[in-house]
Amino acid sequence: MRVNTISPGKILTNRVQTLDEIKAEKYNTSIEKVRQQSETTIPLGRYGKPEEFANVVVLLASSVSHYVNGSNVVVDGGQVQSY
């Protein structure tokens, strides 16, 4: 049995969009401004696309990675490393 994990950062999903909307309402600002501010904390400068996250899932589930075990793959555009 192999066990690997994938840790997503800000992936552009409905949930992330909803959280941005809530934050915009809370601080009385635009959703675009909230997103721009959040994207400045990501070294690649943008939210991830769902298919970019899915590609990592497919890779780890495929026979190409049979010898990978006990790994955590961070899919966050470099955000965690920037801290």
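## Gln-79 and the chain around it

Leaving aside residues up to four places away in sequence, Gln-79 touches Lys-10, Thr-41, Ile-42 and Pro-43, where a contact means heavy atoms within 4.5 Å. This is a predicted model, in which local features need pLDDT of at least 70, side-chain atom pairs count only at pLDDT 80 or more, and totals for chains, interfaces and linings use all residues. Residues are numbered from 1 along each chain as its sequence is written, and side-chain values use heavy atoms, with hydrogens and water left out.

Gln-79 lies in the segment after β2 (72-75). Is Gln-79 buried or exposed? Its relative accessibility is 13%, so Gln-79 counts as buried (under 20% relative accessible area, with a 1.4 Å probe and protein chains only). The side chain of Gln-79 also makes a polar contact with the side chain of Thr-41, at 2.9 Å; such a contact is a pair of N or O atoms within 3.5 Å, one able to donate a hydrogen and the other to accept it.

Now for the whole chain. Its elements run β-α-α-α-β from the N terminus on. The radius of gyration, taken over C-alpha atoms, is 15 Å, well over the 12 Å that the globule rule gives for 83 residues, so the chain is more spread out than a compact globule. The rule itself is 2.2 Å times the number of residues to the power 0.38.

| Quantity | Value |
|---|---|
| Residues of the protein chain that count as buried | 20% of 83 residues |
| Contacts with a separation of 6 or more that join residues 24 or more positions apart | 70% of these contacts |

Note on methods. Helix = DSSP H or I, 4+ residues; strand = E, 2+ residues; numbered from the N terminus. Buried < 20%, exposed > 50% of the residue type's maximum accessible area, 1.4 Å probe, protein only.
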